[in-house]
Amino acid sequence: MVYNSCFDIIGPIMVGPSSSHTAGVVSIGSFVYNLLDGAPDKVNIIFYDSFAETYKGHGTDKAIVGGLLGMTTDDVRIRDSLTIAREQGIEVTFKLKGQCPYYDHPNIVFIQAEKQGELLAVGGVSLGGGISKVFHINGFSVTILLNAPYDREQVREYRKKRIYSVGIG
């Protein structure tokens, strides 16, 4: 893992209760928000393993939608993100699955987002302490640590690659 400071080990300033199930997930949603240059029109969110088992109790559903709306880990509006998304006309669906066949970790989320007819598929993992990694973009295996600097333009190249069938779900 990449630690930039002792605060990466302690965890981020966040709306809780869990750095793994909320803060880390917000950053994955924010990554998608940034790639789309805004919130999606509709999104299918697939939670695997422990996320599928505890997503409501830990606020993982609210956290991922908060990130997809451009919120940061310390934004208290995360608590109301599902309502905010609904008010903005964003169609949000959740699917719950067992073990993820694409990455071995209990904290996996896969996002299938659409904005103005453009599809984007992103797989992310929350590693703990608010640290997250993107491992999949539009059918490509990637390794992007979200608490470390990354080349946004290079990542946007993956976004430009069209996909017609996400194939995961």
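1. Which pattern does the chain follow when read along the sequence? It runs α-α-β-α-α-α-β-β-β-β-β-α, with six helices and six strands (DSSP runs numbered from the N terminus: helices are H or I of at least four residues, strands E of at least two).

2. A word on the basis: this is a predicted model, where local features need pLDDT of at least 70 and side-chain atom pairs pLDDT 80 or more, while totals for chains, interfaces and linings use all residues. Residues are numbered from 1 along each chain as its sequence is written, and side-chain values use heavy atoms, leaving out hydrogens and water.

3. The six strands form an open sheet in the order 2-1-3-4-5-6, with mixed pairing (two strands pair if DSSP finds at least two bridges between them). Strand 2 (91–97) and strand 6 (140–145) each have a single partner strand, so one side of each lacks a neighbour in the sheet.

4. Seven parallel bridges join strand 1 (residues 42–48) to strand 2; in one of these strands, strand 2, Leu96 is the bridge partner of Phe47. Helix 4 (residues 60–68) packs on the sheet, touching strand 1, strand 2 and strand 3 (107–115) (contact means heavy atoms within 4.5 Å). Its direction makes about 140° with that of strand 1 (axes are lines fitted to C-alpha atoms, for helices over the stretch in contact, with angles from 0 to 180 degrees between N-to-C directions).

5. Of the 169 residues in the chain, 51% are buried (under 20% relative accessible area, 1.4 Å probe, protein chains only). Among contacts between residues at least 6 apart in sequence, 67% join residues at least 24 apart.

Conventions:
Buried < 20%, exposed > 50% of the residue type's maximum accessible area, 1.4 Å probe, protein only.
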